[in-house]
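Please open the model in your viewer and keep the selection panel at hand. The tour moves from one selection to the next, and at each stop it says what is to be found there.

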2 protein chains.
Amino acid sequence: MRPPEAQTPCAPAAGKSRVRDRIFETACDLFNRHGIRGVGVDAIAAEAGSNKMSFYRSFASKDALVAEYLQEQEREYWAWWDAAVARYPDDPRRQVEALFEAQLDHAKSSGCRGCALGNAAVEISDHEDELSTLVRAYKEQVRRRLRAIAHAMGARDADSLGDALMLLLDGGNFTRLTFALGSGPIAAALPAVRTLIDAHLLGKSG
Amino acid sequence: MRPPEAQTPCAPAAGKSRVRDRIFETACDLFNRHGIRGVGVDAIAAEAGSNKMSFYRSFASKDALVAEYLQEQEREYWAWWDAAVARYPDDPRRQVEALFEAQLDHAKSSGCRGCALGNAAVEISDHEDELSTLVRAYKEQVRRRLRAIAHAMGARDADSLGDALMLLLDGGNFTRLTFALGSGPIAAALPAVRTLIDAHLLGKSG
DNA sequence: GGCATACGTTACCGACAGGTAACATGATGA
DNA sequence: TCATCATGTTACCTGTCGGTAACGTATGCC
């Protein structure tokens, strides 16, 4: 996927450089804080202690940077997910609870702006195919994973349960944008999750 | 709130004109479709069959238009809410179900882009006080209303139930941005709502 | 007719956006 | 020492943005 051109003799891996990394980290931070359309290339480079020219030596365009940003956000998200889930192998119910616990925990951090990928869906119009495809693939995987866990629990209407869990998850992400740190309705997610799982494990409900 | 200046002798009500209405409707449509930052004043005026100069004769600034847009969206939303709820006076449980039925129904329309106010929260940075205050007030009222209905049901942990309902509602709005018409997880909202209400009416759950 | 209202048209402004050219510098390594 | 590479610097291009000035015109009211 990535052409092996411009390979430096040693040091940083495959075409990556120090400024590039600094710029990219800065970009991720600014995109998260102000939205994708709310941050210009110039501002990113300056905030990274560099300049626009150096930016364009590392990134083909702003769109390329945004795509990489979204991919990185997804990568981090799944790492976060896997870490939460890994603590309870073979216990899908506790896995789900751990996910929502971790979400609540993360929502209490001041830098949290909900779901970066989901927020991007608001900003990118439908014709920006590459970006919206990234977001769609991510959301579909969230859905698939939650449904799979619901199935693993042996729940009745597992797909429906998985989807309901996704609604609670995304509801938390969405409301987090508006409500300050610990004050939002997101704290109600975990009890609701437990109730729903109970209902889907004991009997038919909807 | 609105100064009574420039009152025309008769015809359209209090300072409003035909172009103004056309421009405003066009703006609402475009904001919904492409986001607030994704639409320029020029594009709005042109799409409305007018021009920028006429725009600025009716609106003090783009920010003023955006504020009015958000207020209008909120007005329409509560009208929609009240209509759904009014069909079942004195039956709070059915009121909630009617809300989620109406949401699902609306989500199936092609123009639906979830929650306009919530989407705006993604685009406006924190320092734009006037706009983010509008969004926050709206979201707080959603929360208050859902909690109130939960209380009216006589539910245990009514606040928690109300918050959980809000998460499901906003989760539906958020996911609607990504999943096409009827294909998203939003269909799982209503069964989940019923399950949660049942649990909160029968016994303690979480 | 005279006048104000409402609207269209053209042209312009300063600011900033994404993106590029050309050149200077400083470290590295053969 | 000399070439190379990564980076910084300055200047510039084009386009678009929010916003304004000045002028023209159709309508309708008195």
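## First stop: two helices of chain B

Begin by selecting helix 4 and helix 6 of chain B, where B:Leu70, B:Gln73 and B:Glu74 of helix 4 meet B:Ala116, B:Leu117 and B:Ala120 of helix 6. By class, the residues of this contact are four nonpolar, one polar and one charged. Before going further, bear in mind that this is a predicted model, so that each value given along the way is computed from predicted coordinates.

Now look along the two axes: helix 4, which covers residues 62-86 of chain B, and helix 6 of chain B have axes that come within 9 Å and cross at roughly 150°. Because angles over 145 degrees count as roughly antiparallel, helix 4 of chain B is described as roughly antiparallel to helix 6 of chain B.

## Second stop: helix 8 against helix 9

Stay in chain B and select helix 8 together with helix 9, whose axes are 11 Å apart and which pack at an angle of about 175°. That angle makes helix 8 of chain B roughly antiparallel to helix 9 of chain B. Show the side chains next: from helix 8 of chain B the contact takes B:Leu161, B:Ala164, B:Leu165, B:Leu168 and B:Gly172, while helix 9 of chain B brings B:Ala189, B:Ala192, B:Val193, B:Leu196 and B:His200.

Chain A has 206 residues, of which 40% count as buried. Of the contacts in chain A between residues at least 6 apart in sequence, 57% join residues at least 24 apart.

Select residues 116-123 of chain A, which form helix 6; is this helix mostly covered or mostly uncovered? Helix 6 of chain A is mostly covered, with eight of its eight residues buried, namely A:Ala116, A:Leu117, A:Gly118, A:Asn119, A:Ala120, A:Ala121, A:Val122 and A:Glu123. Within chain A, the buried residues of this helix pack against helix 1, helix 4, helix 7 and helix 8, and across the chain boundary they pack against helix 6 and helix 8 of chain B.

Next pick A:His151, which is found in helix 7 of chain A. A:His151 counts as partly exposed, because it has 14 C-beta neighbours inside 10 Å. If you draw a distance from its C-alpha atom to that of A:Pro185, 34 residues apart along the chain, the separation is 27 Å.

## Fourth stop: where the two chains meet

Show both chains and select the residues in contact between them, which are 39 residues of chain B and 39 residues of chain A. On the side of chain B that touches chain A, helix 6 (116-123), helix 7 (129-152), helix 8 (158-176) and helix 9 (189-202) of chain B each supply at least two residues, and the largest share, 12 residues, comes from helix 8 of chain B. This side of chain B divides into 16 nonpolar, 15 polar and eight charged residues.

How are the two copies related? A rotation of 180° with 0.0 Å of shift along its axis superposes chain B on chain A, with an RMSD of 0.0 Å, and the copies are thus related as by a two-fold rotation axis. To find this axis from chain B, centre the view on B:Gly171, whose C-alpha is the nearest to the axis in that chain, 1.8 Å from it. The copies meet through the same surface, because 100% of the interface residues of chain B are also interface residues in chain A.

## Last stop: the two DNA strands

Select DNA strand D and the 23 residues that surround it, of which A:Ser17, A:Met53, A:Ser54, B:Gly40 and B:Ser61 are the closest. Two or more residues each come from helix 1 and helix 3 of chain A and from helix 2 and helix 3 of chain B, and helix 3 of chain A gives the largest share, four residues. The classes here are eight nonpolar, eight polar and seven charged.

Finish with DNA strand C, which has 20 residues around it, A:Gly40, A:Ser61, B:Ser17, B:Met53 and B:Ser54 coming nearest. Here helix 2 and helix 3 of chain A and helix 1 and helix 3 of chain B each give two or more residues, and the surface has six nonpolar, eight polar and six charged residues.

Note on methods: Residues numbered from 1 in each chain as written. Chains lettered and ligands numbered in written order. Predicted model: local features only at pLDDT ≥ 70, side-chain atom pairs only at ≥ 80, totals over all residues. Buried ≥ 20, exposed ≤ 12 C-beta atoms within 10 Å, placed from the backbone. Contact = placed C-beta atoms within 7 Å. Near = placed C-beta within 6 Å. Nonpolar A, V, L, I, M, F, W, Y, C, P; charged D, E, K, R; others polar. Axes fitted to C-alpha atoms, helices over the stretch in contact; angles between N-to-C directions. Parallel < 35°, antiparallel > 145°, perpendicular 65-115°, else oblique. Least-squares fit on C-alpha atoms with pLDDT ≥ 70 in both.
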